[in-house]
Amino acid sequence: MSDLLEVNDSRTGKHYTIPIADGAIRASQLQQLQGSADDHGLLSYDPAFMNTASCRSAITFIDGDKGILRYRGYPIEQLAERASFLEVAWLLRHGELPTQSQYDGFVHEITYHTYVHENIKKFLEGFRYDAHPMSMLCSAVAALSSFYPESKAIFDPVQRNISIIRLLAKVPTIAAFIYRHIKGLPFVYPDNELSYGENFLSMVARMSEPKYRSNPVFTRAIEVLFILHADHEQNCSTSAVRGVGSSHVDPYSAIAAGIAALYGPLHGGANEAVLRMIEEIGDKSRVPAFIEGVKKGSGRLMGFGHRVYKSYDPRAKIVKQLAYDVFQSVGVDRDLEIALELERIALQDDYFVSRKLYPNVDFYTGLIYRAMKFPTSFFTVLFAIARTSGWLAQWEEMLLDKEQKIARPRQIYVGPGERPYTSTLKKRIVTPASALSSGTPTSSAALAAATG
Ligand code: CMC
């Protein structure tokens with residue numbers, strides 16, 4: 001016998017039986033609970049979707065209390081230790097690890113789609129030198145849609161596949177071009193002999209050397225950080241991709257929506273905010289005063305807290321170790337000392353402990369990116385490159401899910417009831433409908449002729 005929720009509606013005295021499946025009830029079942037005959041049925045009210053599942057997904061599993069993160073069942077710790085980013089991108093989309101021939105074919109396809117249309121370069125050159133890299137990335141990825149109009153055929157598996165390959169291949173190229181633009185350096189074209197991570201670092205850092213060789217510690221750090229950021233189930237940006245994608249727009253536009261959501265300081269922008277906070281603190285001795293300020297409400301301890309993880313973010317543990325490895329290669333940074341002191345004090349303070357606020361993935365990523373000499377404003381772009389793989393897997397899962405429709409939440413209207421329009425403003429206004437009966441004004445006639 002299946003699990004059931006027994007509900008008594010005190011408004012009507014009626015009794016309802018609602019099925020429970022996978023620990024959830026269907027919100028649409030609540031519609032049958034009507035307070036009166038003209039009532040549209042009971043709504044569930046859930047601002048910020050704190051307790052609402054918007055989909056069934058087989059991609060990423062999180063247990064926030066236990067600090068567990070798995071992609072398609074594989075623990076993040078094992079993937080970060082042994083997998084490559086492209087292997088993870090394949091896994092997220094297809095559900096299984098690739099065979100050798102699938103992997104080789106996938107890497108080949110990605111490698112040979114890394115070039116972008118030359119017009120993208122001109123387009124990027126139009127941005128000012130101090131434009132934020134996330135604004136540029138969001139616009140450039142949205143613009144890709146205009147280069148591939150055939151990508152609108154989202155239910156054609158061939159078109160869907162090539163769009164996914166193009167996005168995975170071209171986002172790092174666009175990101176690297178953005179880096180070169182803000183630095184005032186010439187663009188570096190992809191090098192098809194390098195791995196995904198090495199090629200990205202080559203496009204970012206190569207100068208006059210005939211062949212770019214990246215620091216192996218940096219290549220490893222990029223690979224691991226991309227794996228850690230690849231997916232994180234129904235977060236703000238993934239929900240944006242699914243929500244926008246549910247209108248059946250092309251994938252470039254849907255991914256651009258994800259990039260816009262990721263830009264915010266409460267989401268992917270947090271790694272940038274952590275570094276700005278550390279800069280503001282300036283010295284380890286000022287950490288206690290800063291923490292006291294946070295407790296009194298003068299801002300948040302950026303890189304701490306998470307909507308889902310209520311114990312240590314498993315990604316933060318891996319990133320902390322990675323930060324040590326990178327700093328061993330490039331030398332210890334004063335900022336790392338400030339970060340360690342913030343973490344030490346916060347983890348002992350009842351304010352943070354009682355609210356289950358622990359370091360999240362973004363607490364240490366910024367320090368690693370800074371050690372690799374990426375500008376602070378570029379950090380979220382690195383997050384976006386990795387997350388593109390998760391967004392695409394989630395987008396395709398949403399499209400192929402027969403239960404999904406265009407996303408359209410309900411609301412509880414709390415505004416005024418009907419009232420007559422009584423404005424007394426003096427203004428230029430279109431001719432009221434009641435005065436339109438006598439002939440067509442000249443301007444309208446001209447417009448009609450022009451638009452034919
Ligand atoms: N510093 C100080 N207090 C905090 C913090 C923080 N970082 N985060 C939450 N709180 C307090 C908050 O003031 C509230 O206290 P009270 O109950 O007294 O009002 C309580 O903890 C619960 O906070 P909330 O805002 O209701 O929690 P949330 O689940 O809505 O927010 C969060 C989650 C990640 C937006 C939030 O913890 C935060 O703003 N953190 C800093 C930004 C950050 O690091 N974001 C990166 C998230 S991980 C990467 C990603 O997913 O993109």
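Asp-22 is found in the loop between strand S2 (14-20) and strand S3 (60-63), where strands (E, at least two residues) and helices (H or I, at least four) are DSSP runs numbered from the N terminus. This is a predicted model, in which local features need pLDDT of at least 70 and side-chain atom pairs count only at pLDDT 80 or more, while totals for chains, interfaces and linings use all residues. Residues are numbered from 1 along each chain as its sequence is written, and side-chain values use heavy atoms, with hydrogens and water left out.

Although Asp-22 is not a glycine, its phi is positive, at about 55°; most residues other than glycine have a negative phi. Asp-22 is exposed, with a relative accessible area of 64% (exposed means over 50%, buried under 20%, and partly exposed in between, with a 1.4 Å probe and protein chains only). Arg-72, in the loop between strand S4 (68-71) and strand S5 (74-75), also has a positive phi, near 50°, and is partly exposed at 21%.

## Domains

The domain assignment, which is automatic or from a database, gives domain 1 (4-44) and domain 2 (66-413). Their C-alpha centres lie 41 Å apart.

## Nonpolar cores

A nonpolar core is a set of buried Ala, Val, Leu, Ile, Met, Phe, Trp, Tyr and Cys residues joined through side-chain atoms within 4.5 Å. The largest has 114 residues, and those with the most contacts inside it include Tyr-71, Phe-200 and Phe-374. Helix H17 (residues 379-400) supplies the largest share of this core, 13 residues. A second, separate core of 5 residues includes Val-7, Tyr-16, Leu-30 and Leu-33.
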